[in-house]
Structure formats: structure tokens, C-alpha cells
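Student: I would like to learn how to read a two-chain model. Please take the features one at a time.

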Amino acid sequence: MADLIEIEEKPIQSKTTRSNIFYHLIKKKESAIFLALLGIMVIITLIAPQFATIGNIYRVTRQISFVAIAALGVFTVILTSGIDLSVGSLIGLSGITCGVAMAWGLGPIPAVLIGMGTGFGVGLINGFLVSYVGITPFIVTLGMLSMARGTIWIITKGWPIENIDKRILVIGQGDFLGIPLPVIIMIVVSIIMHYFLRSTVFGRRVYAIGGNEEATRLSGINVKKIKCLVYGISGLLASITGIILVARFNSAQTSSGEGWELDAIAAAVIGGTSLMGGAGSVVGVLIGAAIMGVIRNGLVLMRVSAYWQTAIMGFIIILAAVIDRIKNRQVS
Amino acid sequence: MKNKKLFTVLVLALAAVCLSTPLFAGGAQEAGDSRPTFVMVPKLVHPFYEPCIEGFKDAGLKYGVNIEVESPPKFDIALQVKVIEDLIARGVDGIAISAVDNKGLVAVVNEAIAAGITVICFDADAPATNRACYIGTVNEAAGYTAGEYMFNLMGNKGNVAILQGGLAPNLNARQDGFRAAAAKSGVKIVAFEDFQADFAMGVNKTEALLETYPDLNAIFGVSAYGAPTAATVLKEQGKSGKVVIGGFDDLAETITGINDGSVQFCLVQKAYKMGWLSVEKLLDLRAGRMVPDIIDTGIIIVTKDNVDSYMGQVKSEVQ
């Protein structure tokens, strides 16, 4: 079953450092999927050498960061064996509220806070309905998917918001030491989430709930509060993606994030997250998002017909899940 | 006990929402009104329909017709059929539909006609139904015009990539027209990419296209986001103006691009004219006058020269 008390895998009595590292790599749950990512990158580079240029890597990592940040939020919800279908709409809605705030002449910092507040607040509403009212996460967040997207239409009537404060653009378009800022934000968010989930009491309880909710509750832990907050985190991370997209494209698009919930969930699952809850890692989610982003880019570079790309994408998601399944069966 | 109370509160809240729904519905018809009622049924709520609705309302005002708009909440044939069924039940006089689907509307359109309602299509045709006529862009012809204009700008040589948002039939028809024009010129279509009407994906695809084809001379956007997504990337890479960018529809970003020189032209459907003519043709049909089967409203090419005046140009064509 899921690792209720997950202990960092320790290399057991290995003689040399080299075999030590090797053992560590193979034992890691993410290793199969990481090797798959490397394999995919090698194949793409062999067919289309432009893939490995600095310019392309720069842009692909930036593309990946958008989905990856939101995926880390959904991942946290999935750890509690929940699901969040509203992230795509929350990406859009928080981008719009951030854009509206800027159109009103509020500076970039209040606007970003308003955007993040929107995501966090709506996420908490999801969480409240799931944990305190006791409605299935699927239905709550499906309803919220429509409500949030519908709110965008009410606010904008379908028109994009274009009066964006130029000072915010750096978040989506700037870079630091040659690394795009969205990628740096992704890395920072990942480190925080990794630390939060692995090393804090709250984070360990998130895993515990997914492992066995009833047992966790009986051991005196406030399960409802944790579940409620987890949806808030998901909304918050979705809003960060939404705000970055506004800064990236210089406008708040009404269709922003449409359908992205599926990409986010797929990134988590490809990265080895169990939909039953309790198992998965931040690193895995990042690799999952990277696989999808790399393939999307590679299909164009390899000049694959547009009619084939969507089907191939789906095939590779299933293939990745199969590889992961076989690998983890062997380990256990 | 506590749950029971909560339940009661929720039921009351639900009832309140249901009862207040009519408050949100605008433009209800006044009783005893002898004027005909024409209803526009778009595919979904979308900015594209705003000039259509404006033209529809303006013509309604001029000819003394009650005008209403009933949009299905999203692009879904079942929802559009339901909207039309509701209109049949209400007994309106004329319906102008932007068809979500051709075959899927046959039964309900025939039912409406049997109930004495005049039905026409605008923007998107459903020729399989018995609708009286279609008013809108003939997409293949529009794509051909677009191609001719773009290839002329390119000096009839070089490489072009096509960006299309979704594989819908109307977009495919435009693409066919564009390809037909390319076949007659010296321009080569090197790539065709579908970005599924997602702005972020359009940018990603453009970045990959420029990486794959360093000798690309032009990018054509078959649907609304095509041109602005391409322009976003070119501006960022400092190649603005070096690659010809053109495409359908006048999104605000596209117009911004035309003004700053990153987009060379866009093609605008005469949406206002579609709405206006819908009222005129519905009136003609109800008066028993003959109406052509297909009325091509044509497109207008927008460049830096007419970017400020084209809207007025379209309006003055019909008013």
C-alpha cells in the first residue's frame, strides 16, 4: 500500500560510493520516468538537432514551467486521494482578476496579490465544500470549473484585458543568469513544496490522509482542516501560473488555462503520483510535466503532421504510465 | 439536528436562486406588442458575435422588429437544439442561427419551420436543414483572398507556415482556399500546425516553427489567435516585420500588432453586416419575397492604412 510513513530510501551497506549512487538511482521511484525523459530527449535530438540548442531549451523549459506549477497544486490534492478539476479555470480567473486590478490602475504588486488571493480563496471554497460539507471532490471542483470560467465571462464578456501594467511583464518574459523567470519561480515553488511535504508535520499528514484517511483521523489529526487547506494550495499555485501567463502574453486571456487541468493531472500521474493518494513526489511531477512539454515541442521540430500530434501525445501518456507500472512492480 | 437546519437553509437558497433567475434575463417582450420578434442564436458566448448582435439590433430598430439574442452557454449541439426548442415553444417569428453542426440541426429546424417560424443561418451554415438562406463568409473564397494578398506581399516566393486553432470545418475550408492560392503562386507551404485555440500553445508552436524553419518568410493564422501569437514571439526575438504575419479576425492584440508593424494584415469578416442582413432577409422572407440561397458577405482586409476606419466602412455598406 501507500507509504504512510515514507522514509528516505537509505542505501544499505553498499561497499563503494559508486554502487551506492547507482543503487540509489535505481531504487528511486522516479528513475524509470526520468530515464524515459532522457530517452525521449535523445531521440528528438537525433531526428531534430535544433532541439538541443540553447534557445530551444530556454523556451521549452519556460513552456514546461507554466503547467508544472499548477500541476504541483493538483498533485498535493491528489496526495490526499482528492482531485482538483478547477485548476484550469482558476488559472484563467486569477489571471483575469490580476489583469482587472491592473486595468484599474492598481500597481503590479497589489494586482499579483489580488490574483493570488483569488486562486487561494476559491481553492479554500473547494476545500470547505469537500471537507466540511462532505461533497465528492470530483463534483465540487467540476462545478467550480464552470463557475470560475463563467465568472470570467461575466467580468470580461469574452474580451481579453489588455491594459496590463508593463512592470509585471518581467515575471513572464524576463530572465536571471540566462534562466527564464517562470522557470526560476517553478524551481522555488518546487523546493518549497518538497520541503513542505517531506519535512513538515503538516506535509507528512497530507501523505498520511491519502494512505489511510480513517486511521489518520482516529489518531487525532484534524483531517478536515488539512484537506481544506490542500485545495487552497492548489488554487494558489494555479493562480501563480495564471499570473505568469498574463505577464508572458501581455494580456489576460479569457480562454487562458482552458483544459489545462487535464495536463496538470497527467503531469502528476506520469510522474508516478497515485490517484489513490498517499504516493508521489515533487520531483516526479516536474519530470511528468517535462515529458509532456518536451514531446509537444519535439513533435513540431520533428515535423510530425498536426493531425497525428494529439493522438501521439495521448499514446505517450499511456506508455509512460505503463513503464512506471512495470518498473514499480519489479521494485516491490 | 444541525444538519437538518443546514439542509433547510440550502434548500431555501436553491429556491431563491431559481426564483430570481428571470431577473437575469433581459429584453423580455412587452405584452400586446404587434411587432415581429426575431431571435439570434449564436454558437456560444463569444466576442465575435458582438458586432453581429449590434448589426442585428440596429436593423431591428430601423425596421421596427423586436430583437433578442439567445446564446447557448457553450459550444454544444445539444444546448443549441434546446435553445431552438424553447423558441419554438415560445412562438417567435424568425430565428437566425450560427450553426454549431449541420446534420444535428435538421430535425429541430424543420420542426421550427413547421411551426411557422422563418429560419435562416448566419456566420455558420447548416445546408442539410431547410433553412431559407445563409448569410455570411464563404470560407474557401475568404481563404483564397487571404492567400493572394499575403503571397503578393511576399513577392510570390518563399516559405509560409499555417497556424490553425482547432480542426473545425469552417477553418479547414479557409485553409483549403489558402492552399489553392498557394498552388497558383511560387510560395511553398512548409508547415501546418494546430494550436487548439489556446494562446499559450500558439506561442509554443510558433517558437518551435521558427526553430525548425529558420528560412520561414511568413506565418498565416487561419483562426483568431494565429496572428497575435506569432507576432508575440517575433517581437520577443527581435524579428518583428522580418516575417510576414497575417491572419483572420481582428482581436485587440491583432490590431495592436498592425499598429506596431508586427502584423501586416488581418482579414475581418463583416459580422455587423451579417447581423444587419439577417433582419432584412427575415423580413423579406416573411413578406414572401425571394432571397438567394447563399449571400456571401465577403471579408475586408485590414492594414495600417484602414485600421482606424474599417469598422465604419462595414457599417456604411449596409446602413
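**Reading the two chains**

Tutor: In chain A, 79% of the contacts with a separation of 6 or more are between residues 24 or more positions apart. A contact here means two residues whose C-beta atoms, placed from the backbone, lie within 7 Å. For chain B the corresponding share is 73%. This is a predicted model, in which local features need pLDDT of at least 70 and side-chain atom pairs count only at pLDDT 80 or more, while totals for chains, interfaces and linings use all residues. Residues are numbered from 1 along each chain as its sequence is written, and chains are lettered from A and ligands numbered from 1 in the order in which they are written.

Student: How many helices and strands does each chain have?

Tutor: Helices (H or I, at least four residues) and strands (E, at least two) are DSSP runs, numbered from the N terminus. Chain A has 14 helices and two strands; chain B has 11 helices and 12 strands. Along the principal axes, the C-alpha atoms of chain B fill a box of roughly 65 × 65 × 35 Å.

Student: What percentage of each chain counts as buried?

Tutor: A residue is buried if 20 or more other C-beta atoms lie within 10 Å of its own, exposed if 12 or fewer, and partly exposed in between. By that count 49% of the 332 residues of chain A are buried, and 46% of the 319 residues in chain B.

Student: Which residues touch the most other members of the largest nonpolar core?

Tutor: A nonpolar core is a set of buried Ala, Val, Leu, Ile, Met, Phe, Trp, Tyr and Cys residues joined through C-beta atoms within 7 Å. The largest has 140 residues, and A:V67, A:A68, A:A70, A:A71 and A:A267 touch the most other members. Leaving aside residues up to four places away in sequence, A:A70 touches A:V87, A:I91, A:L237, A:A238, A:T241, A:W260 and A:A264. A second, separate core has 42 residues, including B:C52 and B:Y272.

Student: How do I describe a pair of packed helices?

Tutor: Two packed helices are described by the angle between their axes and the distance between the axes. Axes are lines fitted to C-alpha atoms, for helices over the stretch in contact, and angles run from 0 to 180 degrees between N-to-C directions. The axes of α5 (residues 108-133) and α11 of chain A come within 7 Å and cross at roughly 150 degrees. That makes α5(A) roughly antiparallel to α11(A), a label for angles over 145 degrees.

Student: Where is A:G278, and is A:G278 buried or exposed?

Tutor: A:G278 sits in the loop between α12 (260-270) and α13 (282-301) of chain A. A:G278 counts as buried because 23 C-beta neighbours lie inside 10 Å. Its C-alpha atom is separated by 8.0 Å from that of A:N212, 66 residues apart along the chain.

Student: Which loop of chain B holds B:D249?

Tutor: B:D249 lies in the loop between β9 (244-248) and α9 of chain B. Although B:D249 is not a glycine, its phi is positive, about 75 degrees. B:D249 is buried, with 21 other C-beta atoms within 10 Å.

Student: How many residues does each chain give to the contact between them?

Tutor: Chain B gives 21 residues and chain A gives 26 residues. On the chain B side, the largest share, nine residues, comes from α7(B).

How values were computed
Parallel < 35°, antiparallel > 145°, perpendicular 65-115°, else oblique.
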